[in-house]
Amino acid sequence: MENFDYYPGEDFDFDPILELQNQASGSSDTPHETFCSPATTRKPPGTQTTLSFSTNSTKNKGKADRDKNIYKRKKPSFTQEYFEKSINDKGDEIRICKILDESGKRCGQEYKNVGSSTGNLIAHLRDKHEIVAQDDTAVSKKPRNSKITSFARNCRPHSKHIQKKREEVTLKWMLLTNQPLSAVTNEAYREKMAEFDPSFVVPGEQKIKTMIVKSYNYNRQNLQNLLTETAESVSLTMDLWSSRAKHGYLGVTATWITPDFEIKDVMLENKYVPSPHSSDVITNKLYRCIKDWNLEQRVTSITTDNGSNMVAMFRLLNQKSGCEDVKRLSCTAHTIQLAIGKGLAPAEILVARARRLIHFFQYQKQVERLEQVQKKLDYVDIMRCIQDVSTRWNSTYYAWDRLFFLKDAIIQLQADLCTSTDRESKKDGNKLKRILLSDEEWSLLDQLIDILMPFEEATREFSGNTYVTLSQTIPTIKAKIFDLASEVPQNVGEFLDEDTVFDSEIVETRPIDFDDDEVISNITKENISIKNSLDTTGVLEKVKQNIYNALIYYWNIPNDLGLMAGLLDPYYKNLDFIEIDTEKERIIQKLRDEIGEVVVPESETLNNPAPSIDIESSIRSHKEYRQRRQSKTKKAIPNMVICDEVTNYLSLPLALETENPLDWWRIRSQNFPKLAKLARKYLAIPATSVSSERLFSDAGNLISAKRTSLDTKLAGQMLFLKRNIKTMKVFAPEWDENIEIN
């Protein structure tokens, strides 16, 4: 009798539909069928026979019959390369991972050997070491207990190309909507997909993980190539945060301007950082990130908040090879919030009383009552109060603006409740009456909102990541200082106490209940009473004085990065925001010194670097500029002699306020090839760390309260794909393609 290979524990696919087709073909009484049928008894219980069927013409039927029911040796699992067999203390056969990490330490993870199952080994290689099978088609198994299986079995599956497109859309939907990985195994979702597209084989959870890992490794290399090809200098933003799972993460984003003067903003890392988050730990993690992305000698600046650990970290980072010249830039939005927070110190009682009143309307009963009163008063938009959260930018402004919008409804609600015959309503009315703001406080609140509004607008403007932001930072802040200077007496020294008012941390205030009559002062750290209304006499002037002094304190010595960005912005290049002429000369000379170090290929230069100027159009530009900014501009030089790039550049008329500086430089990059390179370097620097802040907002939505056990590495890979999906094609070309694993 012919011998058959037998391998216990192997899985053999069995399709009953194909078996019925074979029986219907009338081949059941062939000699081959009779001979091979006993072979099925040699398999242990629970295993199935692989039957081979042919739909070819009659001449191939004999070969198909000969191949029928012959067991073929399965390809050995790729996990054998990474695991070795051993026996534990109990005498059980185990598999031990023998992969070495960067320090040469062996992984050593052990798994008990159960038959020939390799599921745990495959999952370990994928999740721990980012290794997947090179020929892993990762096609999900169809659900066994569903009507969908029998329905979809009657439909021909999509071609490989169309199937992959559907899988990409599925993964994109999961990433952008923060769906759990188990969403694809949900019976309702599979039933919906079977109804809409029965030919689509819905990927399982394990395949989704494989898709994420392969796409991450594929696009990490693509992003590496993009940085190498288009980024001569890069600016980073970074921040630390803690997830709901109490895991610390370091988020790093990169911004640069391509040779075509297009801004790129991408996420590089979202790495798990164990406690403690000291300056040396942060330095090592950040330096590892810079080295992994080959950014040594290319990082211009890193924008961070004003935390003490961040400040200390830069002293250590500048000692690392390739990072000696990296500059730290304080987040402009964070600094503005510090200035506003310190400036509102004289109105601290009003801040607490407003927060207490807002808290009264956080309960469902009061929310519904307030909405009913708004309808009664014919409010066009029905609104709710907004909580004032000290660590959220512009939170005080938004909370006060909404509270003042609801002023009439709140006062009317208090009157209605106090005159109600319902005992509970009357009780609530008395509570509201006790915490209601006085007329003077409402008036002061309105005036403070007007003061905070320009800073909210500036913060929003500085927080963009698709346009130039740093060049407008110092001119805008200087303009705010100038506006306040005309309204306050010049008494700078009174509030400059670095140990109290001007610390660099935003203090998170404690929640205030509507029954509280005392709160802890953020300035004196002592209890202050908020039972009685604030005496508003002179408070507005003190607030203006404090904000003015705080702005002077934080921007007394402008950062050279901001000055260089302003000089290279064709709208601000006259440096009118700098009062001291020697400071202007210093920063222009710094530009001349740097331009001498720039090397430009001959292909990027023109024979005559002096640009041609249309005198008539320049005059029109000057007139429009003077109308908008009421400031002086230099006149154009009709017959400009050939001289250095800086002189030619400064001689040109200023750009319009509405003109994009990147468009300006794109048009003139060949006239000023060296200056154009420096413009790409400095104009790419983000004024705020909003990119990393937004990263953590996405991460907070991903690692929700119900998903705290999500693997930290997988979470980082999912965020990488989500954040960079607009910058590049993030999905791997083939899920089963041989991709080099980093």
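In which sense do strand E4 and strand E7 pair, and over how many bridges? I found that E4 (residues 234-242) and E7 (residues 299-304) pair in the parallel sense over 4 bridges, where pairing requires at least two bridges found by DSSP and strands are DSSP runs of E with at least two residues, numbered from the N terminus. Val234 stands opposite Val299 in E7.

I noted the basis of the entries: this is a predicted model, in which local features need pLDDT of at least 70, side-chain atom pairs count only at pLDDT 80 or more, and totals for chains, interfaces and linings use all residues. Residues are numbered from 1 along each chain as its sequence is written, and side-chain values use heavy atoms, with hydrogens and water left out.

I then looked up the sheet, which is open, has 5 strands in the order E6-E5-E4-E7-E8 and shows mixed pairing. Strands E6 (263-272) and E8 (327-330) are at its edges with a single partner strand each, so one side of each is left without a neighbour in the sheet.

For the whole protein, I recorded that 47% of the 742 residues count as buried, meaning under 20% relative accessible area with a 1.4 Å probe, protein chains only.

Last, I checked confidence: pLDDT, the predictor's confidence in each residue from 0 to 100, averages 78 in the protein, and 75% of the residues score at least 70. Over residues 492-508 pLDDT stays under 50, and the model has 40 contacts (heavy atoms within 4.5 Å) beyond four places in sequence for them.

Notes:
Buried means under 20% relative accessible area, exposed over 50%, partly exposed in between (1.4 Å probe, protein chains only).
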